[in-house]
Number of protein chains: 4
Amino acid sequence: MSGTEMPRLSKQNNQGGGADVHSTLARLLAEAGRDFYRRGWVLGTSGNFSAVASSEPLLLAITASGADKGALLPGDFLEIDANGEVTRGAGRPSDETRLHLAVVRLRGAGSVMHTHSVWSTLLSEAFAEKGQLCIEGFEMLKGLAGVRTHEHCESLPVIENSQDMKALARALEEALEKHPDSHGVLLRRHGLYTWGRDLSEARRHVEILEFLLEVIGRTHHANGQLATLAT
Amino acid sequence: MSGTEMPRLSKQNNQGGGADVHSTLARLLAEAGRDFYRRGWVLGTSGNFSAVASSEPLLLAITASGADKGALLPGDFLEIDANGEVTRGAGRPSDETRLHLAVVRLRGAGSVMHTHSVWSTLLSEAFAEKGQLCIEGFEMLKGLAGVRTHEHCESLPVIENSQDMKALARALEEALEKHPDSHGVLLRRHGLYTWGRDLSEARRHVEILEFLLEVIGRTHHANGQLATLAT
Amino acid sequence: MSGTEMPRLSKQNNQGGGADVHSTLARLLAEAGRDFYRRGWVLGTSGNFSAVASSEPLLLAITASGADKGALLPGDFLEIDANGEVTRGAGRPSDETRLHLAVVRLRGAGSVMHTHSVWSTLLSEAFAEKGQLCIEGFEMLKGLAGVRTHEHCESLPVIENSQDMKALARALEEALEKHPDSHGVLLRRHGLYTWGRDLSEARRHVEILEFLLEVIGRTHHANGQLATLAT
Amino acid sequence: MSGTEMPRLSKQNNQGGGADVHSTLARLLAEAGRDFYRRGWVLGTSGNFSAVASSEPLLLAITASGADKGALLPGDFLEIDANGEVTRGAGRPSDETRLHLAVVRLRGAGSVMHTHSVWSTLLSEAFAEKGQLCIEGFEMLKGLAGVRTHEHCESLPVIENSQDMKALARALEEALEKHPDSHGVLLRRHGLYTWGRDLSEARRHVEILEFLLEVIGRTHHANGQLATLAT
């Protein structure tokens, strides 16, 4: 179910196949979202998920804005095109649609996932000044696509949060270009973006990066390196 | 299912509609309660939940006193009127009924939810002297009704706990009046009250505030700013 | 289903009623055990649970030794008498049977529950020298039987662990006599014993005490008051 | 279902019995894996599990490489022989097959389980220089096979991680020989290997060691003894 296989399917049978592909992706994205919700990574209406249903023309299944992540159903996903226009389903796509499209375009991703966990929120703040967070030496890194050894150094850029979605998408694009090998990006006091060749790889990347962020976060914590965040 | 829509339903069909509305609200409140229990936010018999079934006259579905939150069923909810008198179901309403009625009256809430989590308990103590806890700069804040930017500053008042329910309701009313923009109130060493226009918004507010309290709590923790609470 | 009601049932219909009462208690104890397992409070084969099926003569449903807590089934419970002899079911009763019988005798408990959580293990060590742990000022305390206000001071005695079950039962009896108002006892680096008039009260006490131990444990943690436990 | 009973079964009925034994073990291993995943101990594609289906000749049910642990199904398990060659099922066995075979050979294990938890990752780093982690005085230790008292001292060797599987298996063998009484081995910044006479004992050992590692990890944490792991 990779991004490169999907287009062939939807070209062969543009109407039926497209609907089938969309509903399959929507079902799998909804399953992933409900699991992340159970783990506390997308509480409230936070987080959003997408997967490429066709690459030529580009069609993306993506969470509708404001969907309840704990009860996520296939019907909570829209299909949009490369301009973010809705081509299937009713509702408004996620506000962060531009960010998903940027990742698909620059990384050739087949699926993009965004989570808001406690540890990604804390660490995006702790490493904001440095601009990136480097994780090295963990066996778990081998679960990231293309990584063959725990000696790999994974650098996650941290970008400033913004409500100007155009500006935020631009900042994300710059981070992706500056860190061509990164498997994820942190948004300050906001959360994690990661992606994969296909939906199952993207989901694996969420789990691996969230795990490593918890490991890193707990050591920072133990050393009093987390600045107090309330007044 | 907002508080402003419900009355119309129950006026049209006062007997049947009222029972239907009550049983729908009871089912949804029970689902929310079981999920909060699973997360450890309403262990024991702690916590209570309500939703407005009719606003003219005011009728509220509310947890019966002493209901087991892990096995919460629609039958564990009573219907009460504006004076807290039971109008449907058997049993005694939650001891904190006055607090629910105060929030409905002063905030026009369609649903009120009260949880006892580890982090809300710890932070209600840590910020008791200051009288409030300010949370600012988190994307997650955008999930609160009416908040459009992470730059929002959410101020949660902290009030002293009391077993005098009249006095506690008065203290809550004062806090609500003094903090007209707050989406929640902390009771010292007790827990969180939050609410929403309707049940689904109230539930979202619980998740968002509990998430943010965990983030804040962990930074306090990391900095040794939690006073020892046992002797 | 309190300890004082049960005997009447089993006297009326000693054969059939006894089996029914036993199987009902076994089912409810198994449900409680599976939930505690899910929360990580009885991992491995740790923990054991009992409930009084008859008080005259005393008959107790209790976990068989070595039962897997995650897959606890009614068949994992035996019935024993006041001497710990098996009167129903096959297998050996829990090694800690004497402790259950001591609590039933001295507190008139209808159900006894024993859990091994991370926080009870840590705090039983941190407060071992002092011999007790006092918890005061939390609303959650009101969930303990007979407690009417958060101003209640709950004192949990801490006793030394031992593999001599006779000696351990004697130490538990002394602690129960010295602390007539306590709702639980901690065994050093071992876990929590609590109980209730009936099974549902005992289960509630587990949840409340485990919650409060986590709150207390986290403040100790934040203040570096937990001694390092590995070499 | 111990390693010593299985061979008899598979000799009696080599074709049918072998398939039955394999599918039973695969089902039970899949259940264990899904539970560990739920607890966050085998996120991503981390972790792998095996059980002896026959000891003469040696046949092992083992996770296929890259299986998704959250959706682990019996079909995700292969059967391999003493040389690691696949004798049943399609796919490549886990990269760490040599480590499983080493444990089976040197400990006579009927089942081997490998998890990647946050606490085992942190502590394998914290105790890497010392080369071992000693846990003593906890009642929970009694759940380890052959341990009769909480006064037992469990020594878990820590070995350096490597991508050279031959070298890693050799290091593991040395650790097993040097620590003949240990019930588990930590791989630095990687995770835990444990085992048991049969599948249910191995699963119990995972739960007990992960519990104790969390207890130990939290005290280290509280004392700022966890080195910062990110740059």
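Predicted model: local features only at pLDDT ≥ 70, side-chain atom pairs only at ≥ 80, totals over all residues.
Trainee: How far apart are the closest C-alpha atoms of chain A and chain C?

Mentor: Contact requires heavy atoms within 4.5 Å. No contact joins chain A and chain C. The separation of their closest C-alpha atoms is 9 Å.

Trainee: Which distance separates the closest C-alpha atoms of chain B and chain D?

Mentor: Chain B and chain D are likewise joined by no contact. Their closest C-alpha atoms lie apart by 9 Å.

Trainee: How many residues of chain D are in contact with chain C, and what area do the two chains bury?

Mentor: On one side of this interface stand 30 residues of chain C, and they are in contact with 33 residues of chain D. Carbon and sulfur atoms account for 57% of the area that the two chains bury between them. The answers are therefore 33 residues and about 2600 Å².

Trainee: Which residues of chain C lose the most area to chain D?

Mentor: Three residues of chain C together give 21% of what that side buries. They are C:Leu43, C:Gln163 and C:Thr231.

Trainee: How many salt bridges and how many polar contacts lie between chain C and chain D?

Mentor: A salt bridge needs a side-chain nitrogen of Lys or Arg within 4 Å of a carboxyl oxygen of Asp or Glu. Between chain C and chain D the count of salt bridges is zero. For residue pairs in polar contact, with both residues at pLDDT 80 or more, the count is eleven.

Trainee: Which residues of chain B lose the most area to chain C?

Mentor: Here 30 residues of chain B are in contact with 33 residues of chain C. The buried area is about 2600 Å², with 57% from carbon and sulfur atoms. Together giving 21% of what the chain B side buries, the residues are B:Leu43, B:Gln163 and B:Thr231.

Trainee: How many residue pairs are in polar contact across the interface of chain B and chain C?

Mentor: Across this interface, zero salt bridges are found. Polar contacts are present, counted with both residues at pLDDT 80 or more. The number of such residue pairs is eleven.

Trainee: Are A:Phe36 and A:Trp41 buried or exposed?

Mentor: The cut-off for a buried residue is under 20% relative accessible area. A:Phe36 has 0%, and A:Trp41 has 11%. Therefore A:Phe36 is buried, and A:Trp41 is also buried.

Trainee: Which residue joins A:Phe36 and A:Trp41 in a cluster?

Mentor: Ring pairs link A:Phe36 and A:Trp41 with a further aromatic residue of chain A.

Trainee: Over the face of which residue does A:Arg39 lie?

Mentor: A:Arg39 is placed at 4.6 Å from the centre of a ring in chain D. In a further case, D:Arg39 lies over the face of C:Tyr37, at 4.6 Å from the ring centre. For A:Arg39, the residue is D:Tyr37.

Note on methods
Residues numbered from 1 in each chain as written. Chains lettered and ligands numbered in written order. Heavy atoms only, no water. Buried < 20%, exposed > 50% of the residue type's maximum accessible area, 1.4 Å probe, protein only. Phe/Tyr/Trp six-rings, centres within 6.5 Å; stacked < 30°, edge-to-face > 60°. Lys NZ or Arg CZ within 6 Å of the ring centre and 35° of its normal. Buried area = accessible area lost by both parts, 1.4 Å probe. Polar contact = N/O pair within 3.5 Å; in protein donor to acceptor, adjacent residues only side chain to side chain.
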